[in-house]
Amino acid sequence: MDEKKIDSLLQLSFKARKIKFRYENIDKVKGDTFVIIAKDLSENTKRYILNKFKGDIYQYKTKKDLGRLFGKNEVGVIILPKNELNLKIKEIFKKLQEVF
């Protein structure tokens, strides 16, 4: 149930252009933001994100599964800046307690 809700909210946020992809964008993050990373993301990339980003980080699905949500081949990192829609997604993740 929650997974379907997360998927639909992520797709809605993507269509509204309220999310960013790619771990290189971590350096540009300002304000109250959180990150979703794929469970199969490489250890080097995970370490990079943990060193650069001090906010909440959640693990969710595989890169291919996340890619399918957005019509891409693979998505390993999703950056969600603070807005009403993304805060709903964060609330669900907090409820699931899947913090990395």
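Arg68 is exposed, with a relative accessible area of 59%. This residue belongs to a predicted model, in which 7 salt bridges are counted.

**Salt bridges**
- The side chain of Arg68 forms a salt bridge with that of Asp65, at 2.8 Å from N to O.
- Asp65 and Arg68 are 3 residues apart in helix α3 (residues 63–70), so about one helical turn separates them.
- Asp65 is partly exposed, with a relative accessible area of 27%.
- Lys90 is buried, at a relative accessible area of 10%.
- The side chain of Lys90 meets that of Asp56 in a salt bridge (3.3 Å, N to O); because Lys90 lies in helix α4 and Asp56 in the loop between α2 and β3 (57–59), the pair ties together parts 34 residues apart in sequence.
- Lys90 also forms a salt bridge with Asp32 through their side chains (3.8 Å, N to O).
- A network of salt bridges links Glu3, Asp7 and Lys61.

**A loop residue**
- Ala38 lies in the loop between β2 (33–37) and α2 (43–52).
- Ala38 counts as buried because its relative accessibility is 0%, under the limit of 20%.
- Among the residues that Ala38 touches are Lys46, Tyr60, Leu66 and Val75.

**Helix packing**
- Helix α1 (residues 2–15) packs against helix α4 (residues 84–96) at an angle of about 155°, and their axes are 10 Å apart.
- The two helices, α1 and α4, are therefore roughly antiparallel to each other.
- The contact includes Ile6 and Leu9 of α1 and Ile89 and Phe93 of α4.
- The residues of this contact divide into 9 nonpolar, 2 polar and 4 charged.

Note on methods
Residues numbered from 1 in each chain as written. Predicted model: local features only at pLDDT ≥ 70, side-chain atom pairs only at ≥ 80, totals over all residues. Heavy atoms only, no water. Axes fitted to C-alpha atoms, helices over the stretch in contact; angles between N-to-C directions. Helix = DSSP H or I, 4+ residues; strand = E, 2+ residues; numbered from the N terminus. Parallel < 35°, antiparallel > 145°, perpendicular 65-115°, else oblique. Contact = heavy atoms within 4.5 Å. Nonpolar A, V, L, I, M, F, W, Y, C, P; charged D, E, K, R; others polar. Buried < 20%, exposed > 50% of the residue type's maximum accessible area, 1.4 Å probe, protein only. Salt bridge = Lys/Arg side-chain N within 4 Å of Asp/Glu carboxyl O. Lists of a residue's contacts leave out its neighbours within four places in sequence.
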